[in-house]
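Hi there,

Here is the structure I promised to pass on. Please have it open while you read my notes below.

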Amino acid sequence: MNDIRVIKKYPNRRLYDTNVSRYITLEEVRQLVLSNVKFRVEDKRTKDDITRSILLQVISEQEEGGNPIFSSELLTHIIRFYGDPMQPSISRYLEMSLQLFLQQQTNFSEQLKELLGQAQQPVQRLKDLAERQVPIWRTVRKEFLKNLTRAKAVRKGGTELGD
C-alpha cells in the first residue's frame, strides 16, 4: 500500500483528498502537515506534482495572518537570489539551517523532559529547582555588592582592605 496520501487539484481550484473521498481546504492541508502526514498534490488533468505550489499557498495564507515568520526584508533577500548563481546554495543553506534549528529544539525539549523527569507536578519540580539555586544567587549577589562597595571606596580615594 502506498504511504503517500494523494490530493488532486481540480480545474475549479478545489482540492480533493482521495484518502477520505471529499474536498478539503488549505487549512486542512496545513493540518496534514502539522500531523506529519505524507501527501502529494497532483493536478487532476496533467498529473503533475504541484505539492510545492499548494504548500506555498498554505504559507501565504499563514503569512497574511497575525504573526508572520518572514519579514519584508527577508523576502526581499530571497527574491534577489532567484536566478542568481548562488540560488542552489542559498536553498541548501536555508534547508540545513532549519534542520539544525529543529534538531536543537528537539534536544532542548528532551533535556527539559529529562530535567523534569516524569514528575506529576512539573511546575512544582521547576519551583524546587529554582529554590535550590537561591543560595548560589545569594552568594553571587553578596560578592557583587561587596565588590561594588570596594569599587566605590577606591573611587572616593579610600583604600581597599584585603580580605
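R40 is partly exposed because its relative accessibility is 27% (buried is under 20% relative accessible area, exposed over 50%, partly exposed in between, with a 1.4 Å probe and protein chains only). R40 forms a salt bridge with D49, with 3.7 Å between the closest N and O atoms; the term means a side-chain nitrogen of Lys or Arg within 4 Å of a carboxyl oxygen of Asp or Glu. Salt bridges with shared partners join R40 and D49 with K8 and E42 in one network.

A word on the basis: this is a predicted model, where local features need pLDDT of at least 70 and side-chain atom pairs count only at pLDDT 80 or more, while totals for chains, interfaces and linings use all residues. Residues are numbered from 1 along each chain as its sequence is written, and side-chain values use heavy atoms, leaving out hydrogens and water.

K8 sits in strand β1 (residues 5–9) and E42 in strand β4 (residues 39–43), so their bridge ties together parts 34 residues apart in sequence. Strands are DSSP runs of E, at least two residues, and helices runs of H or I, at least four, numbered from the N terminus. K8 is buried at 18% relative accessible area, and E42 is buried at 11%.

Another salt bridge links E27 and R30 at 2.9 Å, N to O. Both lie in helix α1 (residues 26–34), 3 residues apart, which means about one helical turn separates them.

Happy to talk it over!

Best wishes
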